[in-house]
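This report describes a protein structure for a reader who is new to the subject. Please keep the sequence and the three-dimensional view at hand while reading.

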Amino acid sequence: MNNLIRIVLLGFMFLVGAAHAADPLVVSSGNDKAIPIAVVPFGWQGGQPLPDDMANIIGNDLRNSGSFAPIDRQNMLSLPTQASEVSYKDWQALGVSYVLIGNIVPSGGRLQIQYALFNIATQQQVMTGSVGGGTDQLRDMAHYISDQSFEKLTGIKGAFSTKLLYVTAERFSQNNTRYTLQRADYDGARSVTLLQSREPILSPRFAPDGKRIAYVSFEQQRPRIFLQYVDTGRREQLTNFEGLNGAPAFSPDGNRLAFVLSRDGNPEIYVMDLNSRQIRRVTNDSAIDTEPFWGRDGQTIYFTSDRSGKPQIYKTSVSGGGAERVTFVGNYNANPKLSADEKTLVMVHRQEGFTNFQIGAQDLQRGSVRVLSNTSLNDSPTVAPNGTMVIYASRQQDRGVLMLVSINGRVRITLPTTQGDVREPSWSPYLN
C-alpha cells in the first residue's frame, strides 16, 4: 500500500523506493575513533526507583551522535556522584577521556539534578550545571544534559531534545487500515498520536517554529495538504487543487510553503504565501519535479526531477528560472535534505550497476558520495538540526521501521516505534 500511494502521489514518477563554562572543548572531526566517555549512574537520594535511567539515556544520546563511545557501567572501577569522588587514575586506566557524573535530589515534590563533566587527561572539571523538573520529565532533563555535554565537548549545539514526526500504518484486514501521525522524542520514545485516519497520511513536516506541521491527507479520497497546530490539534486545509497536491516543505522563516501540484497536467514545484494563501509556480519543465527542500537563504529550492532521464537532484531560485543539477554520482538520487551547514546533501541514492535504494550523503564541495545505510529498501531521510544524525525509513522482517545513523556512519540503530508499518520520518527544528 505504501508504494502504491507513493506512486500515485508522485504522479507515477519513479520506481518504488523512490549555563556553563564559556569555551567549548572542541573534539576534532578528524578523530578516527569515537571518543571514550563514561556516563556514571546518577546518585539518587529518594525512596522509590525512578522510572527512567538518566545515565543510560544520556549515554545512548552521546553514542547516537557518532562522536562518543560510552563505556559499559560493568567496566567502571568506581561510581562517583560527587566531584570529590572522581579518581582520575581509575578512569585513565580504562582509557576514558571524559567522565560525566550526576546526583538527583528530591525537592518540594520535584527533582533537582546536579551534574558535572571532567576531562581525565587534564584532570579538570570542565562543566557543571543543574536542571529541575518532575519525575515525568526525567527524559527531558536527560536529553538536556546530553545537549549541554555535547555542545561543551564539540562546539556543536546538541539536538537530543528535538522531536520526530512519523506515520504508522496498521492493517487489520484487506480494506481496513488505520493510519496515525505520531510525534515522539528523537529516539522514538514517548510517542503521542496527533491524528488518526482510515485514509493515508504522507509527508509530515515541522514548521521552523515547531508549533505547526504540514502533511498530505487522503481523507477526501484525493491528496490534499493540511496544516495542523501541534498543541491544540486545530487543522486547516491549505490546498484543494485538481490533481496531485503533495510534498509540503516550510521555508526557513515559516511564512511560505513549497509543494507539488499537477493542476496543469505535470507535477511542478509551487510556493504558497501562508498569510495571503497566494501561490506561485517555481518550476516549468516537461519533466516531473517534486520533493522540494529549502536552502537556508530562503531563496533556493532543491528538488527531485527526472529531466535528465532518471531522477536526480537540482536546485533553482524560488523566483524561478533555470535549474542547476546538483547530483551526478549514481543513476538515482531523490528526496534531498541538507545538513545545517549546507555542506552535505542527504538523499535516497542508487549506485551505478545496483538495484538497491540506499541513503547517501554527498559532500557538496567535493561531489563525493558516501553510503550511510546498509540495507536495500531505504527512503525518506531526515536530518537532525545540527547535522550530526540522519533518520530514515527502512524495512526489517517485512515491516517498515525507522533507522538512525550518525552522519559519520559510526552508529546505526533501529528506533523503537509502535506497531504496524512505520514510515515518513521528519525531524523537528530546535524547540528551545
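Glu-342 and Arg-296 meet through their side chains in a salt bridge, with 3.8 Å from N to O. A salt bridge is a side-chain nitrogen of Lys or Arg within 4 Å of a carboxyl oxygen of Asp or Glu. Distant parts of the chain are linked by this pair: Glu-342 is in the loop between strand S22 (332–338) and strand S23 (344–350), Arg-296 is in the loop between S18 and S19, and the two are 46 residues apart. Helices (H or I, at least four residues) and strands (E, at least two) are DSSP runs, numbered from the N terminus.

Glu-342 is partly exposed, with a relative accessible area of 24%, whereas Arg-296 is exposed, at 57%. In these terms, buried means under 20% relative accessible area, exposed means over 50%, and partly exposed lies in between (1.4 Å probe, protein chains only).

## Basis of the model

This is a predicted model, in which local features need pLDDT of at least 70 and side-chain atom pairs count only at pLDDT 80 or more, while totals for chains, interfaces and linings use all residues. Residues are numbered from 1 along each chain as its sequence is written, and side-chain values use heavy atoms, with hydrogens and water left out.

## Further salt bridges

Side chains of opposite charge can pair when their charged atoms come close. By the rule for salt bridges, the count comes to 19. One of the pairs is Asp-289 with Arg-307, at 2.7 Å from N to O. Asp-289 is buried, with a relative accessible area of 0%, and Arg-307 is partly exposed at 28%.

Arg-139 forms a salt bridge with Asp-185, the closest N and O atoms being 3.4 Å apart. Salt bridges that share partners join Arg-139, Asp-140, Lys-163, Asp-185, Asp-187 and Arg-190 into one network.

The protein chain is divided into domain 1 (33–152) and domain 2 (162–425), with bounds that come from an automatic or database domain assignment. The contact takes 14 residues from domain 1 and 14 residues from domain 2, where contact means heavy atoms within 4.5 Å. The C-alpha centres of the two domains lie 35 Å apart.

Domain 1 and domain 2 bury about 1,000 Å² between them, 45% of it on carbon and sulfur atoms. Buried area is the accessible area (1.4 Å probe) that two parts lose on being put together, summed over both. In domain 1, Asn-64, Gly-66 and Arg-139 lose the most area to domain 2, together 49% of what that side buries. The count between the domains is 3 salt bridges.

## Helix H2

Which residues of H2 are buried? They are Met-54, Ala-55, Ile-57, Ile-58, Gly-59, Asp-61, Leu-62 and Asn-64. Because 8 of the 11 residues of H2 are buried, this helix is largely enclosed by the rest of the structure. Just after H2, Gly-66 takes a positive phi of about 85°.

Ala-247 has a phi near 55°, a positive value in a residue other than glycine. Ala-247 is placed in strand S14 (residues 245–250) and is buried, at 14% relative accessibility.

Asp-398 likewise has a positive phi, of about 65°, although it is not a glycine. Asp-398 is found in the loop between strand S27 (389–396) and strand S28 (399–406), and at 68% relative accessibility Asp-398 counts as exposed.
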